[in-house]
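Let's go through some labels for this model and check what stands behind each one.

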Amino acid sequence: MSVEGVTVITVRSFVLSYISRMDRQEQNDRAEWLLGPSAKCQVVEEVDHPWRLVLLGAPGVGKGTQADLLTRRLRACHLSTGDVFRALSGRAGCDLSPAMKTALEYMRRGDLVPDSTVWDMVRERNGCLHCGGGFILDGFPRTVGQAESLRRLMVNENLELSAVINYVLPVNEIVARLSGRRTCAKCKSVYHVTELPPKVAGRCDRCDVELFQREDDRPESIKVRLEAYDRSTAPLIEFYEKLDLLMPVAASGTPEEICGRTMAALAIRRA
Ligand code: AP5
């Protein structure tokens, strides 16, 4: 058989084996990441060759949606910096440090939180980088400074990134996705009013809790976020290209189609 044929079969069996495992397993509750190192995650499955991934892409391109699907297939833990900030914003104001209060103001406007605040938060949770199932970083790094800090930390911890997936979508589709997004206040599941609606309008399929619209999904914040992406995060494409880690993936189509594309690209990387 040709080398090409072998690659196709390898890719297909890789994708199918992960998909068949997907529905048998529960997701990690991410307690340590969301609440800090004093919290303990529910039992995490160890995998032989854990994936350590970064998801890149503009706000609203679908990184969180893909992280959710990939987590179930790869067993890697979904580490979203945005989710940590939102979890903090749900706490009583007196519990928050001045740096965190400032961070939440930046977030509401759609601006990036200062690197030093983000880095303190990630460094405090560096145990999550050793997760036995691997990890999927979503929303971090977001500046070249953060990417440099992550690279140094990974070297010190004797860890390597497996790949950086860059999701690509035209800007008009990104704005439509952000404007229609609704999120579950409890389990953080993400829906879209027309593209991925819940079974009962306005309520989460998993926990029957009311869905809400994120403050930074208002039109004025969306504009600020897209500008911040172009200015600060887009340069990471070149940064990771030079390290031979970048994997561009088209983010059009259904979430399952995009996830299939991502899994196929990962299989080629490991083949
Ligand atoms: P964060 O939470 O990371 O937000 P983001 O990167 O702006 O990304 P989003 O969560 O908005 O979008 P997404 O790409 O995950 O898309 P989703 O899957 O939800 O960060 C929020 C803020 O925190 C930042 O602005 C900043 O202030 C701060 N912050 C966080 N990390 C930071 C850092 N490292 N440094 C500095 N500041 C930081 O999908 C969007 C919608 O589209 C949903 O409704 C979904 O249902 C729908 N959808 C998804 N896929 C599809 C599809 N294939 N077809 C149709 N609809 C789809």
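Q: Where is the place of proline 141?
A: Proline 141 sits in the loop between β3 (134-138) and α7 (144-156). Helices here are DSSP runs of H or I with at least four residues, strands are runs of E with at least two, and both are numbered from the N terminus. The peptide bond from phenylalanine 140 to proline 141 is cis, with omega near -5°.

Q: What kind of model is this, and how are residues numbered?
A: It's a predicted model: local features need pLDDT of at least 70, side-chain atom pairs count only at pLDDT 80 or more, and totals for chains, interfaces and linings use all residues. Residues are numbered from 1 along each chain as its sequence is written.

Q: What makes aspartate 244 exposed?
A: Aspartate 244 has 8 other C-beta atoms within 10 Å, so it is exposed. You'll find aspartate 244 in the loop between α10 and β8.

Q: How do you know that β1 and β4 pair?
A: Strands pair if DSSP finds at least two bridges between them. Four bridges join β1 (residues 51-56) to β4 (residues 163-168), so they pair, and they run parallel.

Methods
Buried ≥ 20, exposed ≤ 12 C-beta atoms within 10 Å, placed from the backbone.
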